[in-house]
Amino acid sequence: TVNACVGIQNSLIKNPNISIYPNPFSKQTSVRLSLNTNSKIQIALYNVIGQELKRLEDGNLESGDYVYSINVETKGIYFVKTVVNGDATTQKIICSD
């Protein structure tokens, strides 16, 4: 017998160049992005049913450090999807207040 998972990719693995702090948060948190090279970037905030609530970035950025603020008025679970040169990561964030 062979035991294997096929076709499932864990998109919740954290990219070491992306951090979100604080998490959980109360009304505001920050997405920090550090790029070693010029990159095509997309960063968006989604609710739990997959609706895009806000596009934080969508374009080409030069290497360097960037900070984006996320303001949320309603407590709950949200997701930040970051695409760097076609490689996507998704991180869960929690607004506790």
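Two strands count as paired here if DSSP finds at least two bridges between them. With that in mind, one can turn to threonine 29, whose bridge partner in β5 is isoleucine 70. The model is a predicted one, and the pairing of β2 with β5 within it is antiparallel, with eight bridges joining the two strands.

On β2 there is also a pairing with β1, again in the antiparallel sense, and this one extends over four bridges. Within it, isoleucine 18 stands opposite leucine 33 of β2. The hairpin that β1 and β2 form has six residues between the strands, and in this hairpin lysine 27 takes a positive phi near 75°.

Is serine 30 buried or exposed? Its relative accessibility is 15%, and because buried means under 20%, serine 30 counts as buried.

The interior comes next. In soluble globular proteins, nonpolar side chains tend to be buried together. The largest nonpolar core in this model has 19 residues, of which Val31, Ile70, Val80 and Ile93 touch the most other members. At least two residues of this core are supplied by each of β1 (18-21), β2, β3 (39-46), β4 (52-61), β5, β6 and β7 (87-95). For isoleucine 93, the contacts beyond four places in sequence include Ile20, Phe25, Leu45, Ile70 and Val80, and among them are also Asn23, Thr29 and Gly76.

Isoleucine 77 lies in strand β6 and is partly exposed, with a relative accessible area of 38%. Together with Val48, Ile49 and Ile94, isoleucine 77 forms a nonpolar patch on the surface, and the four residues have about 360 Å² of accessible area together.

The loop between β5 (64-71) and β6 (76-84) holds lysine 75, which counts as exposed because its relative accessibility is 59%. Once its neighbours within four places in sequence are left aside, lysine 75 is in contact with Cys95, Ser96 and Asp97. Phenylalanine 25 is 50 residues from lysine 75 along the chain, and the C-alpha atoms of these two residues are separated by 9.2 Å.

How values were computed
Residues are numbered from 1 along each chain as its sequence is written. This is a predicted model: local features need pLDDT of at least 70, side-chain atom pairs count only at pLDDT 80 or more; totals for chains, interfaces and linings use all residues. Side-chain values use heavy atoms; hydrogens and water are left out. Buried means under 20% relative accessible area, exposed over 50%, partly exposed in between (1.4 Å probe, protein chains only). Contact means heavy atoms within 4.5 Å. A nonpolar core is a set of buried Ala, Val, Leu, Ile, Met, Phe, Trp, Tyr and Cys residues joined through side-chain atoms within 4.5 Å. Patches are made of residues with over 30% relative accessible area and no salt bridge: like charges are joined within 9 Å, nonpolar side chains (Val, Leu, Ile, Met, Phe, Trp, Tyr) within 5 Å. Accessible areas come from the Shrake-Rupley method with a 1.4 Å probe; for residues, only the protein chains shown count as cover. A salt bridge is a side-chain nitrogen of Lys or Arg within 4 Å of a carboxyl oxygen of Asp or Glu.
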